[in-house]
Amino acid sequence: MAIKLDIIEDSRNLFCDSKWWGDPDMPEDMEYPMIEGYPLTFICQIAAYDLEQFDTEGVLPHDGMFYFFAAIDELLGYDSPIRHDGPGEWPKGHAVVKYTKAVNMETFKSVILLDDEDNPISQKAQALQFSACDDGFAGFRMLGEAPEGYVNLLRIPLDPQRTLTFRIKQSDLGFGNWKKAKFYLEEA
């Protein structure tokens with residue numbers, strides 16, 4: 001069974017909650033991912049406890065926090081020094097999955113990136129709600145259909161023709177080797 005993600009407007013402070021966009025709430029010793037001196041775009045953070053009731057096979061950890069980052073500025077219509085040519089697997093470091101086993105609101109901090117005029121550059125944070133869905137659901141989802149031996153960590157439809165997917169080998173997931181996650185731009 002796959003897990004559907006619904007992105008919703010929410011005026012609450014989403015510190016250490018599951019959220020889309022905004023600023024990541026990370027342990028003090030976790031580094032914000034960069035490539036060629038350029039910060040990757042923070043896509044979302046997902047509190048693992050939000051997934052437990054829908055991850056009935058126990059594929060993912062049910063404690064801690066997942067973080068998803070990628071060099072997607074160009075796809076969002078922004079200027080970017082990082083370019084990608086067409087569909088396929090992106091080079092290592094162009095997308096990063098991070099995970100921490102425990103969430104501690106006293107030691108976590110929001111990592112706020114600023115522009116040259118000290119203005120925050122993140123988009124407004126939106127809340128995430130989760131529900132069960134079919135494995136082949138075409139919207140935003142975790143788990144579900146994946147090539148043999150892999151697990152889809154996060155599927156992001158850009159438009160009806162293009163999808164971004166974070167994927168990891170089942171063996172790497174079993175060992176918690178998040179650095180081995182791969183990122184794909186797929187076209188229908």
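Trainee: Is D25 buried or exposed?

Mentor: D25 has a relative accessible area of 0%. Buried means under 20%, exposed over 50% and partly exposed in between, with a 1.4 Å probe and protein chains only. So D25 is buried.

Trainee: What kind of model is this?

Mentor: Residues are numbered from 1 along each chain as its sequence is written, and side-chain values use heavy atoms, leaving out hydrogens and water. Local features need pLDDT of at least 70, side-chain atom pairs count only at pLDDT 80 or more, and totals for chains, interfaces and linings use all residues, since the model is predicted.

Trainee: Which side chain meets D25 in a salt bridge?

Mentor: A salt bridge is a side-chain nitrogen of Lys or Arg within 4 Å of a carboxyl oxygen of Asp or Glu. The N to O distance is 3.0 Å, and the partner is K19.

Trainee: Which residues do salt bridges that share partners join into one network?

Mentor: Take the two bridges of R12. One runs to D10 at 2.9 Å, N to O, and another to D17 at 3.7 Å. Through these shared partners, the network joins D10, R12 and D17.

Trainee: How does D17 count at 22% relative accessibility?

Mentor: Compare D10, which is buried at 15%. At 22%, D17 counts as partly exposed.

Trainee: How many salt bridges does the structure hold?

Mentor: The bridge between K19 and D25 is one of them. The total is 9.

Trainee: Which side chain makes a polar contact with the side chain of S18?

Mentor: S18 sits in the loop between β1 (2-8) and β2 (19-20) and is buried at 5%. A polar contact is a pair of N or O atoms within 3.5 Å; within protein, one must be able to donate a hydrogen and the other to accept it, and residues adjacent in sequence count only if both atoms are side-chain atoms. The S18 side chain reaches the backbone nitrogen of A47 at 2.9 Å. At 2.5 Å, its side-chain partner is D50.

Trainee: What is the phi of C16?

Mentor: C16 lies in the loop between β1 and β2 and is buried at 4%. C16 is not a glycine, yet its phi is positive, near 65°.

Trainee: And what is the phi of W21?

Mentor: W21 lies in the loop between β2 and β3 (25-27). Helices (H or I, at least four residues) and strands (E, at least two) are DSSP runs, numbered from the N terminus. W21 is buried at 13%. Although W21 is not a glycine, its phi is positive, about 60°.

Trainee: Which side chain does H84 contact?

Mentor: H84 is in the loop between β7 and β8 (88-89). At 16%, H84 counts as buried. The polar contact spans 2.7 Å and its partner is H94.

Trainee: Which residues form the negative surface patch?

Mentor: Patches take residues with over 30% relative accessible area and no salt bridge; like charges are joined within 9 Å, nonpolar side chains (Val, Leu, Ile, Met, Phe, Trp, Tyr) within 5 Å. E57 is exposed at 65%, in the loop between β6 (41-47) and β7 (65-70). The members are E57, D134, D135 and E145.

Trainee: Which residues gather in the patch of positive charge?

Mentor: K179 is exposed at 77%. K179 lies in the loop between α1 (170-174) and β15 (182-187). The patch gathers K92, K169, K179 and K180.

Methods
Areas by Shrake-Rupley, 256 points an atom, 1.4 Å probe, with all protein chains shown as cover. Lys, Arg positive; Asp, Glu negative; His and termini not counted. Charge placed at Lys NZ, Arg CZ, Asp CG, Glu CD.
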